[in-house]
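Hi,

Here is the structure I promised to pass on.

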Amino acid sequence: MAAASAAAAGGGGGERSSTRERLLAALEDLELLARELIEILAISRNQKLPQPGEESQILELLIQRDGEFQELMKLAVDQGKIHHEMQLLEKVVEKRDNDIQQLQKQLKEAEHILATAVYQAKEKLKSIEKARKGAISSEEIIKYAHRISASNAVCAPLTWVPGDPRRPYPTDLEMRSGLLGQMNNPSTNGVNGHLPGDALAAGRLPDVLAPQYPWQSSDMSMNMLPPNHSNDFMLEPPGHNKENEDDVEVMSTDSSSSSSDSD
Amino acid sequence: MQAKHDTGNRLRFQLELEFVQCLANPNYLNFLAQRGYFKDKAFVNYLKYLLYWKEPEYAKYLKYPQCLHMLELLQYEHFRKELVNAQCAKFIDEQQILHWQHYSRKRMRLQQALAEQQQQNNTSVK
């Protein structure tokens, strides 16, 4: 009796539990009910039944429980099918995930390669631009090369031996007989008025003065004026070194770096 | 007035051309260092101003383009300080002369090698 009521209560309170638990509960109930039925039948064989309706009650409960059990079994079968499908779908999802990751890797690689290529192309363009800016006609370069080599300015004469006074730079003699040297000696007759005898004897004229462009041609030097007009180099040009900040008080508006009479 | 200005500028061009090329002479640099020119702020500024000779339009007038290298080195205070020593100037002088002779020596070696080769060919032909 007590067992029967417990079984009824167990069957009703199964909403939150999983199917497996419900199935197991139903099985237990069936077992309990079957046992009770057998007990009662065994007792009634020996003595008269005190409550005649009890067997039918238990039988009904048994049938009810069995019905529930069958339903739960069907439910379990459906759930099993759904679970199986879920597993298949999960596999498919996994496969797609892998594909996406693979594509991602390839995309990254491609991006990297392209970025490198673009960067190198930009560098190339920069160097092309740079080369174009500095373009000089080959004839001019050859002329210049000839000029500096023929006068032995950058390449020693083939007959040079230690003791030869020629040097890869303007020597004392040359410096004194140039324009710069003559400026300090106002007593000499004009430029190149007095040449020390040795220089003449050595057959060399001071070449520094006519560096290589005739000073007489006026149109040329008009365009070639030295940049800074300011003759006072005590004045700091604007934007000079930080270490000379204390010289600011001497700064005047004269020290512009653009030539004021270049045309 | 304009003409006088132009002649003045032409003269300045010539003078600066000469002066910048004189900087190729290490003995002259030693001379300048020993007389304290490199300590003069105005002179150092002038050296910086002379850097315009590096531009191709100006550089083409230089007979001794190596002066530009010296000019670049002179921008550094350490170099200017070192030039007070005569040994420093001597070292630079020696190196410059050796470098100057480099190409002619190379040519001589090539000529010698060629002459030797020809001699060998002649002896083998015989």
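A:Asn152 is not a glycine, yet it has a positive phi of about 60°. For background, most residues other than glycine have a negative phi. You'll find A:Asn152 in the loop between α4 and α5 (172-177) of chain A. Helices here are DSSP runs of H or I with at least four residues, strands are runs of E with at least two, and both are numbered from the N terminus.

Before you go further, two housekeeping notes. This is a predicted model, in which local features need pLDDT of at least 70 and side-chain atom pairs count only at pLDDT 80 or more, while totals for chains, interfaces and linings use all residues. Residues are numbered from 1 along each chain as its sequence is written, chains are lettered from A and ligands numbered from 1 in the order in which they are written, and side-chain values use heavy atoms, with hydrogens and water left out.

Now the two chains. Chain A has eight helices and zero strands, and 22% of its 263 residues count as buried. Chain B has seven helices and zero strands, with 45% of its 126 residues buried. Taking contacts (heavy atoms within 4.5 Å) in chain A between residues at least 6 apart in sequence, 54% join residues at least 24 apart. In chain B, residues 24 or more positions apart account for 67% of the contacts with a separation of 6 or more.

Next, the inside of chain B. Helix α5 (residues 66-74) of chain B has B:Gln66, B:Cys67, B:Leu68, B:Met70, B:Leu71 and B:Leu74 as its buried residues. Their cover includes α1 (2-22), α2 (26-34), α3 (41-49), α4 (56-59), α6 (77-82) and α7 (86-125) of chain B. α3(B) is mostly covered too, with seven of its nine residues buried; among them are B:Phe43, B:Tyr46 and B:Tyr49. The buried residues of α3(B) pack against α1, α2, α5 and α6 of chain B.

Leaving aside neighbours within four places in sequence, B:Leu50 is in contact with B:Glu16, B:Phe19, B:Val20, B:Leu23 and B:Leu71.

One helix pair to finish. α2(B) and α7(B) pack at an angle of about 165°, with their axes 8 Å apart (axes are lines fitted to C-alpha atoms over the stretch in contact, and angles run from 0 to 180 degrees between N-to-C directions). That angle makes α2(B) roughly antiparallel to α7(B) (under 35 degrees is roughly parallel, over 145 roughly antiparallel, 65 to 115 roughly perpendicular and the rest oblique). On the α2(B) side the contact uses B:Pro26, B:Asn27 and B:Asn30, and on the α7(B) side B:Ala86, B:Ala89, B:Ile92, B:Asp93 and B:Gln96.

Cheers

Conventions: Buried means under 20% relative accessible area, exposed over 50%, partly exposed in between (1.4 Å probe, protein chains only).
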